[in-house]
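Subject: Structure handover

Hello,

Here is the structure I promised you. Please open it next to this email, and then read on for what turned up.

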Amino acid sequence: MIQRFDVGPRMSEMTVHNGVAYLAGQVPEDTSQDITGQTRQVLQAIDALLAQAGTDKTKILRAEIFLADIGDFAGMNQAWDEWVPQGHTPARATVQARLADPAWKVEIVVTAAV
């Protein structure tokens, strides 16, 4: 069985199958904030989606982080380090990418056990 959450015409925000939650890329809503603020928004959105699936950030298996400017790496890591539980850090990759909206500084995709 596949569960879909926040289903839209083009994509779902999350799908759950076989005990694994797959989140769509999460982006900030308030693009007036700096990289740390935008990252905090994205991490809050991830927390909310994981809660809908009955899981949390301690069960994240993998994170993929896309930065519009790799120069924002330290600011993104500041928010990430405040958020990620020590002892439960997931496998992670961070790359610079051209994001769909030029105002977005960060997009994060996670996969988590349920």
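Arg40 is partly exposed, with a relative accessible area of 36%. That falls between the 20% that ends the buried class and the 50% above which a residue counts as exposed. Keep in mind that this is a predicted model.

Arg40 has a salt-bridge partner, Glu82. Their closest N and O atoms are 2.9 Å apart. The two residues come from distant parts of the chain. Arg40 sits in helix α1, residues 35-52. Glu82 sits in helix α2. Glu64 is partly exposed, at 24% relative accessibility. Arg62 is partly exposed too, with a relative accessible area of 45%.

Now back to helix α2, which covers residues 73-83. A search of the whole structure finds one aromatic pair. The partners are Trp80 and Trp83. Their ring centres are 5.3 Å apart and their planes stand at 55°. That angle lies between the 30 and 60 degree limits, so the pair counts as tilted. Both residues belong to helix α2. They are three residues apart, about one turn of the helix.

Are these two tryptophans, Trp80 and Trp83, buried or exposed? Both are buried. Trp80 has a further neighbour in Arg92. Arg92 lies over the face of Trp80, at 5.1 Å from the ring centre.

Two backbone angles deserve a look. Asp6 has a phi near 50°, a positive value in a residue other than glycine. Asp6 is part of strand β1, residues 2-7. The residue is partly exposed, with a relative accessible area of 46%.

Asn18 also has a positive phi, near 55°, and is likewise not a glycine. Where does Asn18 lie? Its place is the loop between β2 (12-17) and β3 (20-23). Asn18 is exposed, with a relative accessible area of 69%. The cut-off for exposed is over 50%.

Next, the chain as a whole. The secondary structure comes to two helices and six strands. From the N terminus on, the order is β-β-β-α-β-α-β-β. The radius of gyration is 14 Å. The globule rule gives 13 Å for 114 residues, so the chain is as compact as a globular protein of that length. Along the principal axes, the C-alpha atoms fill a box of roughly 40 × 35 × 20 Å.

Buried residues make up 40% of the 114 residues. Take the contacts with a separation of 6 or more: 69% of them are between residues 24 or more positions apart. The accessible surface comes to about 6400 Å². Carbon and sulfur atoms account for 49% of that surface.

Best wishes

Conventions: Residues numbered from 1 in each chain as written. Predicted model: local features only at pLDDT ≥ 70, side-chain atom pairs only at ≥ 80, totals over all residues. Heavy atoms only, no water. Helix = DSSP H or I, 4+ residues; strand = E, 2+ residues; numbered from the N terminus. Buried < 20%, exposed > 50% of the residue type's maximum accessible area, 1.4 Å probe, protein only. Phe/Tyr/Trp six-rings, centres within 6.5 Å; stacked < 30°, edge-to-face > 60°. Lys NZ or Arg CZ within 6 Å of the ring centre and 35° of its normal. Rg over C-alpha atoms; globule rule 2.2 N^0.38 Å. Contact = heavy atoms within 4.5 Å. Areas by Shrake-Rupley, 256 points an atom, 1.4 Å probe, with all protein chains shown as cover. Salt bridge = Lys/Arg side-chain N within 4 Å of Asp/Glu carboxyl O.
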